[in-house]
Amino acid sequence: MAINKIITKPPKSHSGLKNCLAYVLRSDKTEQTLTAITGPYHHKELNANFAYQSFLQEKRIWHKDKGRMCSHSIISWHKDEKITQEEAFAFGQEFAEKWFAGFQTVIAVHQDRDHIHCHLVTNSVSYEDGRKYHTSKKDLERMKLMTNEMCKKRNLTVAEKGKHFDGTPMETGEVTTWNQDKYQMFKNDAKKSYLWDCAMAVVNAMKQCISRDQFIERMKLSGWNVHWKDSRKHITFENKDGKKVRDSNLFKTFHLDVRKEGLEREFIRQRENTELSEQELEQYYRQLEDIDAGNVTKAQRELVFESGAIRSESQSARRTSESSNRSVRYNEAQSTTEHRERQLAEQRRLDAERAAREARKKNRRRSGPEL
């Protein structure tokens, strides 16, 4: 299973570029036979100084010797993947020639960890036309797809979202992150991180809410404001310190489906469970009314009392407590039912208003601007 990682803070100085190349080509991390550089400059023995000078040469030719110096990415394989260092090196070479075509790229396979990984350091300036290298989010998705296709051709494991290397599904709330800064944050003290605090608040809130408004209010009680707008794709959570967390971040890190669609599905499920509980209560109290009317046998009567948790040590004590227990439980059920009915009615009203607003927006778009 090959995973693409992008170093999010590339060097922006000559010294930073030199240090990056020196790290990637360190002799204690790689072998000379497992290093290479693509592009117009040939070498007998690749070293950091040669790579650095060749990168600078291209930058000066095109007069682009400022800003980002390079792009640094890593292709890593699971420790149980059946792949040799030589095969990983060939994988990295093919990837560099396809993805970074026209850009010098240093390829080096490291063997200093329990899993094989290949570093790729790419010059930010093309040796073909002088354009600078840029990467968008769509490019990252395409990069992953190309890596998966290359793995399939080699009969290697392909990474699947929400699953471990062995194919077993990840559990909800399981931390899965490849961001180095985020990893260090959890490694040092996960419980004190605002990301962890937000995830716990969301998990607790979504289990107790049946609507968007109720969820937003519950999160506010936990110290998190929720920015949920129909005009925006993502939900953003913000605490009192101004720390912001996006729903997609929680999904990637904790495998929590707390995006708009996921939360709406959870609200529907909670509403259905609430309605089912109310039906069970209504059935129970109908059975109690049948007992009062004498329409059930003694065995059925005993079964009803057991299901409603009405028990006593003696028959006489039971007769005395039946009336009061029924009254108390009936009042509790009525109160709970009325509260749930009010919540559902309010939710239906809000849904109707939201649908009406959307309809008005669509009509305005169709009719064009008012002159």
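I began with the lining of the second largest pocket, whose residues divide into no nonpolar, three polar and six charged (Ala, Val, Leu, Ile, Met, Phe, Trp, Tyr, Cys and Pro count as nonpolar, Asp, Glu, Lys and Arg as charged, and the others, Gly among them, as polar). The model is predicted, so I note that local features need pLDDT of at least 70 and side-chain atom pairs pLDDT 80 or more, while totals for chains, interfaces and linings use all residues. Residues are numbered from 1 along each chain as its sequence is written, and side-chain values use heavy atoms, with hydrogens and water left out.

I then listed the residues that line this pocket: His227, Lys229, Arg232, Lys233, His234, Thr236, Glu238, Lys244 and Arg246. A pocket here is an open set of points on a 1 Å grid over the protein atoms alone, where a 1.4 Å probe fits, with protein on both sides within 12 Å along at least five of seven lines, and lining residues have an atom within 4 Å of a point.

Next I looked up how helix 6 (residues 194-206) meets helix 8 (residues 247-254), and found that their axes come within 11 Å and cross at roughly 95 degrees; axes are lines fitted to C-alpha atoms, for helices over the stretch in contact, and angles run from 0 to 180 degrees between N-to-C directions. Helix 6 is therefore roughly perpendicular to helix 8 (65 to 115 degrees). Helices are DSSP runs of H or I, at least four residues, numbered from the N terminus. The contact (heavy atoms within 4.5 Å) joins Leu195, Trp196, Cys198, Ala199 and Val202 of helix 6 to Asn249, Leu250, Thr253 and Phe254 of helix 8.

Conventions
Helix = DSSP H or I, 4+ residues; strand = E, 2+ residues; numbered from the N terminus. Parallel < 35°, antiparallel > 145°, perpendicular 65-115°, else oblique.
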